[in-house]
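This report describes selected structural features of one protein model. It is intended to be read alongside the sequence and the coordinates.

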Amino acid sequence: MIRFEVGTEDLLHSRFAIAPAFELGSLLRLLAGGGRLPTSSASRLRSDFESLLRETDLDLVLALQSDRVGADFVAPPPVGLAQSWEDDLAVIRATPLPQARAEIAYCLAAQPAASTSATATDAAADTPMRARLDAPDVVARLAEALDRAWRVLLAPDWRRLRAICERDVVHRAGVLGRAGWSTAIADLHTALRWHDDGIEVSGLSAGHHVIPLDGSGLLLVPSAFIWPHAAAHTSGDWPKTLIYPARGIAALWETPESQAPGALTDLVGRSRALILAALESPAGTTHLARSLGMTTGAVGDHLAVLRRAGLVQRARDGRVVLYARTAVGDALVAATNG
């Protein structure tokens with residue numbers, strides 16, 4: 001178990017962020033290990049991944065990854081909610097060669113002796129792959145492979161995935177404001193709990209590790225591809241970090257037909273049923289459009305109809321208008337889910 005010791009200053013300095021490079025690395029691990037992928041794009045992702053392995057140096061990236069260890073410089077820590085892939089790529093490309101060499105050596109040395117990954121085993125030996133990892137242009141090679149992987153694998157879905165993560169942050173901030181840290185932490189994942197002025201994370205580490213935050217706070221990162229697990233960063237270049245599945249992300253692993261209740265679809269139409277189902281937590285028009293793959297105008301029109309019917313209501317949060325289901329909308333969704 002990992003325990004983060006939390007003081008008053010840590011509560012003030014904890015913050016949320018979105019991590020594009022971490023998401024890409026998580027997707028690559030799923031693809032390399034044959035993991036479960038979002039239903040709607042699994043076939044495309046696997047085909048494109050195999051092509052990238054043949055055409056780029058993506059095998060070098062995979063050689064630096066395992067279940068417990070990864071090179072920080074290919075997944076730099078996010079700064080905040082506005083983080084973009086372009087921001088991450090610039091940091092990766094600017095990595096000093098000595099730092100890259102040190103992290104590469106550490107990752108290869110940490111690979112299991114009897115690794116089931118041919119990529120990791122080959123890289124740790126004296127092979128042409130190891131020669132590429134030792135080359136003076138290794139940072140550029142890795143950056144180019146990652147950029148190509150981003151554009152081919154993740155960019156087509158990133159607006160939708162980012163919107164889901166942003167909606168998650170809105171929800172978590174609301175829980176924090178209404179119910180406090182204990183409830184907010186427990187709401188992130190079943191492996192997390194608030195106990196005796198600290199955050200305990202079970203199942204991530206053998207033994208008992210106590211880690212003081214020392215006033216720097218905790219970075220909280222919603223993720224699309226870590227589901228159904230959680231993760232923590234406790235060392236390296238990252239600040240102390242908890243990474244958890246974004247709320248509602250499990251729907252990506254369902255078939256499109258299963259995302260909206262059938263009876264509700266029959267009653268109000270598929271698009272309005274999807275919107276009502278998505279409004280389990282408040283969301284803005286833009287976030288709904290991105291997460292559901294609709295145009296903003298279409299979502300606005302559907303919300304207007306649902307609002308006139310008394311199924312949703314709206315409220316302003318600063319400059320953003322958030323929509324939420326009414327009690328009648330909740331009852332309708334519950335009844336048609338039964």
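The model is predicted. In it, 4 strands make up an open sheet with mixed pairing, and their order is β3-β4-β1-β5. The edge positions are taken by β3 (192-194) and β5 (209-212); each of these has a single partner strand, so one side of each lacks a neighbour in the sheet. From one strand to the next, the twist averages 20 degrees.

Strand β1 (residues 2-5) runs parallel to β5, and 4 bridges join the two. Within this pairing, R3 has V210 of β5 as its bridge partner. Helix α10 (residues 181-188) packs on the sheet, where it touches β3 and β4 (198-201). The direction of α10 makes about 170 degrees with that of β3.

Helix α2 covers residues 20-33, which is 14 residues. From its first C-alpha to its last it reaches 20 Å, close to the 20 Å expected at 1.5 Å a residue. Is this helix mostly covered or mostly uncovered? Helix α2 is mostly covered, as 11 of its 14 residues are buried. The buried residues are P20, A21, F22, E23, L24, G25, S26, L27, L28, L30 and L31. Just after α2, G34 adopts a positive phi of about 70 degrees.

Two packed helices are described by the angle between their axes and by the distance between those axes. For α2 and α9, the axes come within 10 Å and cross at roughly 110 degrees. The two helices α2 and α9 are therefore roughly perpendicular to each other. On the α2 side, the contact is made by P20, E23, L24, L27, L28 and L31. On the α9 side, the contact is made by L146, A149, W150, L153, L154, W158 and R162. The α2 residues in this contact, P20, E23, L24, L27, L28 and L31, are also buried.

**Salt bridges**

The model contains 17 salt bridges. Three of them are listed below.

| Residue pair | Closest N to O distance |
|---|---|
| R44 and D48 | 3.5 Å |
| R151 and D147 | 3.4 Å |

R44 and D48 lie 4 residues apart in helix α3 (residues 42-55), and about one helical turn separates them. Residues three or four places apart on an α-helix point the same way because there are 3.6 residues a turn. R44 is partly exposed at 28% relative accessibility, and D48 is partly exposed with a relative accessible area of 22%.

R151 and D147 are likewise 4 residues apart, in helix α9 (residues 138-179), with about one helical turn between them. R151 counts as partly exposed at 45% relative accessibility, whereas D147 counts as buried at 12%.

D137 is partly exposed, with a relative accessible area of 37%, and R141 is partly exposed at 26%. Which residues are linked with D137 and R141 in a network of salt bridges? The network also includes D57, D59 and R132.

Definitions and conventions: Residues are numbered from 1 along each chain as its sequence is written. This is a predicted model: local features need pLDDT of at least 70, side-chain atom pairs count only at pLDDT 80 or more; totals for chains, interfaces and linings use all residues. Side-chain values use heavy atoms; hydrogens and water are left out. Two strands pair if DSSP finds at least two bridges between them. Axes are lines fitted to C-alpha atoms, for helices over the stretch in contact, and angles run from 0 to 180 degrees between N-to-C directions. Contact means heavy atoms within 4.5 Å. The expected span of a helix is 1.5 Å times one less than its number of residues. Buried means under 20% relative accessible area, exposed over 50%, partly exposed in between (1.4 Å probe, protein chains only). A salt bridge is a side-chain nitrogen of Lys or Arg within 4 Å of a carboxyl oxygen of Asp or Glu. Angles under 35 degrees count as roughly parallel, over 145 as roughly antiparallel, 65 to 115 as roughly perpendicular and the rest as oblique.
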